[in-house]
Amino acid sequence: MIIPILKIGDVLIVTLQSELTDREVEELSHDILDKINKVGAEGVIIDITALKVVDSFMARSLNSIASAATLLGSEVVVVGIQPAVALTLVELGLRVSWGVKTALNLEKGLEILKKERA
Amino acid sequence: MVEQRSITRELVLLFEEHEKELIDLWMTKMKQLKLIKGLSDDEREQEFRNIYRASLSAFKTGDYSEVENYTSKIAKRGALQGIPVDEILLSFLKLRDVRLRKLFITYQGDLAKLLEALDCFEKVSNRIFSIFVLALIREREETIHEQQRALLELSTPVLQLRDEALVVPLIGVIDSERASRIVEELLQRIVETQASVVVMDMTGVPIIDTAVANHILKTVQASKLLGAETILTGISPANAQTIVTLGIDLSMIRTRSTLREGIKLMHTMLGLEIRRRDE
């Protein structure tokens with residue numbers, strides 16, 4: 001499955017439409033970092049509104065994408081986390097280690113990026 | 001066994017025959033003791049006759065289901081009309097006394113027969129008494145459960161204070177069941193209102209231990225995942241000391257001493273300014 005990475009201005013937008021296999025997650029992280037490097041994006045928004053389940057591997061991957069993106073000078077915001085997913089993530093014990101920025105929806109995610117750059 | 005049955009039948013006959021007399025005696029005693037004043041004389045007589053017959057049928061048939069039905073009905077009504085439990089129990093015990101006396105009077109010339117009758121009577125009477133007490137306790141327990149449920153629903157309001165701000169005043173002891181309700185409710189409201197700041201006020205929380213702190217941490221973290229920052233307010237000095245002593249790390253949460261200070265911080269975070277209108 002190819003996941004499109006859209007570019008609007010300095011921001012990349014990735015929308016996940018369904019649950020990914022571990023392999024697909026790895027490919028996606030690779031693609032995102034590649035694209036950041038290529039277009040010099042300042043921000044990345046990963047929209048997971050459609051995901052009803054986020055497992056620990058996915059959570060860890062999102063975290064490492066964010067860390068790696070920071071090294072490339074880009075900010076990652078994960079948006080659209082469902083309440084049930086948020087509860088699961090917290091129960092999984094991601095309290096301290098999860099350094100990813102989060103926002104309720106795409107709009108708010110863009111706002112955060114705008115604020116960061118201002 | 002045949003002997004036992006015949007004495008039972010004898011007792012039943014005795015009580016049936018003297019129903020009016022015994023009930024009247026019972027009523028008089030109750031009046032002297034000033035019990036069950038909540039009911040009128042007619043109602044009382046009706047009730048007493050029902051109890052009398054229900055217990056008699058248990059005697060006759062050895063089937064206690066009628067007594068069980070009746071007692072649970074009484075227990076419900078007692079709870080409604082505010083008749084104290086001790087009065088209900090005392091009234092029932094009085095009926096037992098009245099019947100016991102009747103036994104003594106009837107068999108006063110024949111000790112062996114009296115003892116036999118007592119054996120039979122005590123067995124049934126004690127059983128009925130225990131059914132009575134159980135029914136009353138069950139009624140109380142139901143009431144307590146209902147109140148707990150009501151409390152649970154009442155005590156987790158999530159209020160919207162500004163377009164993008166929620167206030168959660170926590171009151172009372174927080175156990176894990178309440179905590180998970182609070183989290184769910186809060187997350188739901190964050191999604192609905194698109195809130196970006198949540199002020200959680202702990203003024204009404206008497207004790208903060210590791211479990212409560214853990215619940216709060218989880219709530220804050222889950223809200224954060226939905227993009228809402230949490231401000232914690234109203235931790236009492238004693239609780240603050242407990243938190244430090246227990247080594248709980250709340251440093252990742254913004255805290256303010258009072259709800260007022262918390263709301264000021266909330267305004268700053270939202271970029272709002274409150275000013276008196278120039279006149």
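Trainee: Why is B:V199 called buried?

Mentor: A residue is buried if 20 or more other C-beta atoms, placed from the backbone, lie within 10 Å of its own, exposed if 12 or fewer, and partly exposed in between. B:V199 has 25 C-beta neighbours inside 10 Å, so B:V199 counts as buried. This is a predicted model, where local features need pLDDT of at least 70, side-chain atom pairs count only at pLDDT 80 or more, and totals for chains, interfaces and linings use all residues. Residues are numbered from 1 along each chain as its sequence is written, while chains are lettered from A in the order in which they are written.

Trainee: Which residues is B:V199 in contact with, leaving aside its neighbours within four places in sequence?

Mentor: Contact asks for C-beta atoms, placed from the backbone, within 7 Å. By that rule, the partners of B:V199 beyond those neighbours are B:V167, B:I231, B:T233, B:L259, B:G262, B:I263 and B:M266. B:M266 is 67 residues away from B:V199 in sequence, yet their C-alpha atoms are 7.5 Å apart.

Trainee: What makes B:Q194 count as partly exposed?

Mentor: B:Q194 has 16 C-beta neighbours inside 10 Å, so B:Q194 falls in the partly exposed class. Its phi is near 55 degrees, a positive value in a residue other than glycine. Most residues other than glycine have a negative phi.

Trainee: How many residues of chain B are in contact with chain A?

Mentor: On chain B 14 residues are in contact, and they meet 11 residues of chain A.

Key
Contact = placed C-beta atoms within 7 Å.
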